[in-house]
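This report covers a single protein model. Please look over the sequence and the structure before reading on.

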Amino acid sequence: EKVDTLERNQQSLVQSAKMASIGQLASGIAHEINTPLGYSLSNLQTAESYIDELVGMNATLHGSMPEANQVNKARFLSLATDFSELLAETIEGLNSAKDIVADLRTVARIQDVDTTMVDINDCLQKTLSVYRNLFKDNVSLETNFSRSVWASGNPGKLNQVFANILINAVQALSSGGMVKVSTATLDDCVSIMIEDDGEGIAEDNLPHLFTPFFTTKPIGKGTGLGLSICYRIVVEEHGGEILVDSTRGCTKFSIKLPLNRDDGFSRDV
């Protein structure tokens, strides 16, 4: 009975960690989508007023004095030019919102059970796109992706791993800094490296990072399940390896996934 209770409590905490992650994701996505939608709506309202003014000007152009006619023509051309620029910016903004939603759908496919060939670079790009709100103010991002990096796995779960480690890296930069994300193809595996130039992780804490419920964050700020979930996904479900190396000024998470697994998958290069 005690074992059952402990298992139920653990499942509850795992669910709580997932909900906290979803809440943070939703907050960032709302901000990213509201920005292009906000200026797109503002542009359309301005464009609507331009149309009203243009229609009114068209009715008076032919009946006005030559001097006034020249002024109206100049204003007409100015409005037409600005109108075109407004529409171009609006289309760009709406396409941006569309891309964010498309990336979110890909990143959120955590429940997929099928294993497939995964474009690791594309996974990282989509995760970075969804979590782009993290890299603002005094936190910068540098990427260095090797050409054609593929591995067999579950893209939704791998995206969850990348997101958890990225969030931890940014949170380690309370005073600002840089996060670097890179990929490489090795002899028998692909490598994904996520590093930050924060204060680093205390040496005594390194052996416990992937232990469930271990956290160095204040009470109420973390469940201690994020990295243990990453370990389970990478090591137990994908047959890979996840390592961490930390010194003051550099913390690097290295994820290695098998390059070729006997899963019956093939792809075109």
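## Basis and overall figures

A residue is called buried when its relative accessible area is under 20%, exposed when it is over 50%, and partly exposed in between, using a 1.4 Å probe and protein chains only. By that rule, buried residues make up 35% of the 269 residues in the protein. The model is predicted, and local features need pLDDT of at least 70, side-chain atom pairs count only at pLDDT 80 or more, and totals for chains, interfaces and linings use all residues. Residues are numbered from 1 along each chain as its sequence is written, and side-chain values use heavy atoms, with hydrogens and water left out.

The protein has five helices and seven strands. These are DSSP runs numbered from the N terminus, with helices being H or I of at least four residues and strands being E of at least two. Read from the N terminus, the order is α-α-β-α-β-β-α-β-β-α-β-β. Contact means heavy atoms within 4.5 Å. Of the contacts with a separation of 6 or more, 73% are between residues 24 or more positions apart.

## Helix α1 and Tyr50

Helix α1 covers residues 2-61 and contains Y50. Y50 is buried, at a relative accessible area of 13%. Leaving aside neighbours within four places in sequence, Y50 is in contact with L79, D82, F83 and L86. The C-alpha atom of Y50 is separated by 9.5 Å from that of F76, a residue 26 positions away along the chain.

## Helices α4 and α5

Helix α4 spans residues 155-171 and helix α5 spans residues 226-237; their axes come within 9 Å and cross at roughly 145°. Axes here are lines fitted to C-alpha atoms, for helices over the stretch in contact, and angles run from 0 to 180 degrees between N-to-C directions. The α4 and α5 crossing is left-handed, a term used if the near helix is turned anticlockwise from the far one by less than a right angle (clockwise would be right-handed). On the α4 side the contact involves K157, Q160, V161, N164, I165 and N168, and on the α5 side G226, L227, I229, C230, I233, V234 and E237. By class, the contact of α4 with α5 has seven nonpolar, four polar and two charged residues. Ala, Val, Leu, Ile, Met, Phe, Trp, Tyr, Cys and Pro count as nonpolar, Asp, Glu, Lys and Arg as charged, and the others, Gly among them, as polar.

The buried residues of α5 include L227, S228, I229, C230, I233 and V234. The expected span of a helix is 1.5 Å times one less than its number of residues. For the 12 residues of α5 this gives 16 Å, which agrees with the 16 Å between its end C-alpha atoms. Just after α5, G239 takes a positive phi of about 65°.

T143 belongs to strand β2, residues 139-144. With a relative accessible area of 42%, T143 is partly exposed. T143 touches L128 and V181, not counting residues up to four places away in sequence.

S182 is in strand β4, residues 177-185. S182 counts as buried at 14% relative accessibility. Beyond neighbours within four places in sequence, S182 is in contact with N144, F145, S191, I192 and M193. S182 and S146 are 36 residues apart along the chain, and their C-alpha atoms are separated by 7.5 Å.

## Two loop residues

L134 sits in the loop between α3 (120-130) and β2. L134 is buried, with a relative accessible area of 16%. From C-alpha to C-alpha, L134 and I167 are 7.7 Å apart in space and 33 residues apart in sequence.

S148 lies in the loop between β2 and β3 (150-153). At 30% relative accessible area, S148 is partly exposed. S148 is not a glycine, yet has a positive phi of about 55°. Most residues other than glycine have a negative phi.
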